[in-house]
Amino acid sequence: MAYRILRQLLYAAALILAVLVLNFLLIQLAPGDPAEVIAGEMGGANAEVMAAIRQQYGLDKPILTQLGLYLGRALQGDLGTSYFYNRPVVELILSRLGPTLLLVTAALAFALIVGTRLGVMAARKPRGIASTLVTVLSLVGYSAPVFWTGLMLVILFAAKIPLFPVAGMINIVKQGGPLVRALDIAHHLVLPALTLGLVYLAQYSRLTRASMLEVLGADYIRTARAKGVSERRVLNHHAFRNALLPVVTVAGMQFGAIISGAVLVETVFSWPGLGTLAFQSILARDYPTVLGILFFSTLLVIIANLLTDFVSRLLDPRLAKGH
Amino acid sequence: MKLTPIFSRRTLLGGVAALIVLACSSPLFAQEEPQRGGTLVMASTQKPRHLNAAVQSGIATAVPAAQIFATLLRYGEDFTPQPYLAESWEFSPDNKVLTLKLRQGATFHDGKPITSEDVIWSLNVVKDNHPFSSMLEPVEAFEAPDPQTVVIRMKTPHPAILLALSSALTPILPKHVFDDGQDIKSNPKNNLPVGSGPFKVTKFEPGQYIVLERYDGFFLEGKPYLDSIVIRQYQDANSAVLAMESGEAQLYPLLDSTRLIRRLEKAQGMGLTDKGYAGIGPINWLAFNTKNPALSDVRVRQAIGYAIDRNFVTKALHAGLSKPAIEPVVESSPFFTEDVARYDFDLDKAKALLTEAGYGDGGKKLELQIDYIPDIEEQQRAVAEYVKAALAKIGITVSVRASPDFPTWAQRISNYDFDMTMDQVFNWGDPVIGVNRTYLCSNIREGIIWSNTQQYCNENVDKLLNEAGVEADQARRKDLYAQAFKQITDDIPIHYINEVPYHTVYNQAVQNPPISIWGPMGPMDEVWLKQ
């Protein structure tokens with residue numbers, strides 16, 4: 001067991017290093033450099049200013065030297081200073097990590113809870129109206145691009161019927177204690193979480209439905225029914241727990257995808273998370289920030305995968321006995 | 001409306017008298033007593049890097065910085081300087097020495113007095129670091145003979161100096177805070193600077209919001225009226241406009257989408273103005289790479305000029321909201337002149353010029369590429385598409401090349417990898433600051449965006465522009481610029497299309513919206529909210 005964990009950690013470390021190097025090299029392929037962006041921001045610049053900016057950030061050195069310097073610092077936990085915002089990358093990222101985790105967790109929780117319930121509902125009567133509705137809903141939810149869903153929700157529930165705020169995470173003008181703030185954030189969270197959640201809700205409901213249908217045909221279900229176990233208990237206790245396994249695996253694997261989905265959703269809703277920061281940093285050729293975000297996302301995905309492993313073992317003790 | 005007691009109880013005479021009083025006071029009605037307090041939420045799509053405008057030019061930093069920092073002078077709705085931190089100023093007879101007297105009792109946000117020491121230190125920081133180096137370039141020395149007096153000595157007369165000392169360009173920083181041995185460009189204090197203006201900055205979340213709070217010790221008695229200003233950054237104009245419509249924000253400057261402007265015109269309780277942009281002087285234009293074999297022929301450039309119908313752009317593409325531009329400065333500039341080569345739409349002239357140059361009907365085939373600044377839909381991409389269609393009519397095949405983002409475009413243009421490009425360039429108040437850079441032979445600098453990327457060089461133009469820069473007499477200066485602009489438009493390194501239709505949108509509760517020449521880049525100490 002200890003060996004297994006150690007091996008996984010080693011893999012993770014190698015993966016992070018590879019991600020850092022690859023990203024560093026990939027980002028150099030993008031045309032234009034930070035000095036040009038900063039000059040653009042300043043409404044023009046002269047040669048001295050441009051040279052000063054390049055020198056200040058070490059952009060005048062050869063790429064491999066830059067990579068070496070970057071890796072050296074990164075290994076010491078220093079991800080550098082944002083070219084654009086002129087403050088430590090770690091500080092920038094940590095201030096954005098919370099909102100992203102909040103959004104992703106909320107969306108995932110919504111998708112998992114509602115999605116699996118819908119799936120179970122649909123599996124009960126595979127040819128019923130409920131089942132068809134779920135299929136249609138999930139097809140639409142899955143095919144519609146998130147930014148479109150997001151914009152439509154904004155137009156409907158923020159502009160036409162002003163139930164929710166248009167954008168952002170907090171109302172800075174609003175005064176009040178922690179409870180007021182929490183409610184304010186929750187209020188802002190509804191639309192973005194719904195938008196991001198809908199895609200996955202579609203997938204999880206379909207997956208649960210298929211998985212439930214398969215499980216419901218298994219021998220032990222027939223046995224349970226023969227024993228006279230109530231239909232509700234059969235569904236929720238015997239079938240659902242087993243049907244959940246593929247959903248958990250998929251959900252864990254998709255964590256990375258959800259983070260990238262968050263980039264779009266955050267951009268649509270001006271949600272102050274890693275996604276908007278990533279988007280702005282790429283446009284600004286703010287290499288240290290982009291690399292920092294990729295580094296943190298890698299960490300998040302690795303952690304999510306370890307957690308998935310753990311949850312799967314809880315759900316299915318047989319997995320732990322293997323190896 | 002209910003009748004007031006005055007009418008129901010008094011005699012007719014009394015009623016007439018009351019009417020006269022009302023009539024006489026009605027001009028004052030527009031300037032009713034300002035109410036204090038309240039928070040103004042300003043929507044913005046600009047993302048400032050930091051807030052120290054002494055080392056960072058551009059709108060994004062200038063808007064908050066004009067609130068945080070005072071400047072020596074300020075401007076109203078026209079190009080006449082007004083006292084601000086300096087209460088008076090005068091030039092020496094040879095116009096080479098400018099002496100300014102500072103206001104008594106002015107303090108920084110930490111309570112320390114603002115002295116001439118701080119002023120000359122700040123001016124030196126600007127001179128050494130500000131990207132617009134032409135602003136203070138002729139200055140030989142800044143001197144502080146006593147705590148209230150600042151003397152600026154110049155090598156030559158430099159009429160642009162007054163504008164350079166105003167909002168958005170030369171903020172006054174506290175020397176005792178910033179003079180700490182660190183490089184001022186990367187000083188962490190630039191994020192939450194101690195300032196000298198009407199508002200102090202208390203929070204700055206990059207890419208999200210800036211909170212500015214009233215500075216009670218501000219040197220202009222009784223100002224500012226607002227308790228605080230929150231600048232909220234939105235991802236794009238659409239979401240900023242939605243925020244205006246939902247009441248989340250009350251002021252949104254620098255909106256250039258005519259579709260959204262037209263939409264807001266119909267909205268209830270919303271005011272709109274195109275004032276406040278004379279200082280920026282934003283022009284949307286078509287620039288030529290004059291080293292391109294075909295475009296190096298002035299006749300080809302002129303033909304292209306005649307083939308483009310500015311009216312189509314301003315009326316059809318921009319819904320009648322943008323004005324045609326015909327020369328290097330905007331119409332509201334004091335140096336605007338009618339006497340230039342305008343290139344009003346004339347397809348016959350265009351075809352004739354093209355044939356003369358050996359292209360067009362029966363001549364060589366001409367294929368050109370046009371670039372544009374990405375993410376500026378109506379002003380850039382739409383016009384580039386129109387240029388393609390317009391030039392097809394005189395037999396020039398144009399392909400539109402998109403750039404995925406700004407740095408890509410900037411790299412292509414600044415390294416001369418283009419035939420023609422749409423571009424947007426600002427006047428920045430005085431030709432010395434924002435105009436010369438586009439035309440001077442000495443400013444052909446590879447790799448620098450918004451330098452003379454057309455690689456246009458005419459010694460006569462250089463001479464005229466340089467002479468105008470050191471001409472203290474306004475009328476003669478205007479005449480020199482007129483000659484320069486005539487020559488430039490004859491040579492047509494750039495075909496001017498339209499002035500960018502920047503508008504400021506405000507909720508009707510907002511009184512005195514910023515409409516000075518610097519608009520949102522000027523201090524908002526007189527803005528107030530009607531309850």
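Does Leu64(A) count as buried or exposed, and how many C-beta neighbours does Leu64(A) have inside 10 Å?

I opened with this residue, keeping in mind that the model is predicted. I found Leu64(A) in helix 4 of chain A, which covers residues 63-75. I counted 10 C-beta neighbours inside 10 Å, so Leu64(A) counts as exposed. The cut-off for exposed is 12 or fewer. I then looked up Phe24(A), which lies 40 residues from Leu64(A) along the chain. The C-alpha atoms of this pair are separated by 9.8 Å.

Next entry: chain A as a whole. I listed 14 helices and zero strands. I noted a box of roughly 85 × 55 × 40 Å for the C-alpha atoms, taken along the principal axes. Chain A has 323 residues, and 40% of them count as buried. I also checked contacts in chain A between residues at least 6 apart in sequence, and 72% of these join residues at least 24 apart.

Last entry: where chain B touches chain A. I found 43 residues of chain B in contact with 40 residues of chain A. Several elements of chain B each supply at least two residues to this side, among them strand 1 (39-44), strand 9 (209-214) and helix 7 (237-245). Helix 13 of chain B gives the largest share, five residues. Sorted by class, I have 18 nonpolar, 17 polar and eight charged residues on the side of chain B that touches chain A.

Technical notes: Residues numbered from 1 in each chain as written. Chains lettered and ligands numbered in written order. Predicted model: local features only at pLDDT ≥ 70, side-chain atom pairs only at ≥ 80, totals over all residues. Helix = DSSP H or I, 4+ residues; strand = E, 2+ residues; numbered from the N terminus. Buried ≥ 20, exposed ≤ 12 C-beta atoms within 10 Å, placed from the backbone. Contact = placed C-beta atoms within 7 Å. Nonpolar A, V, L, I, M, F, W, Y, C, P; charged D, E, K, R; others polar.
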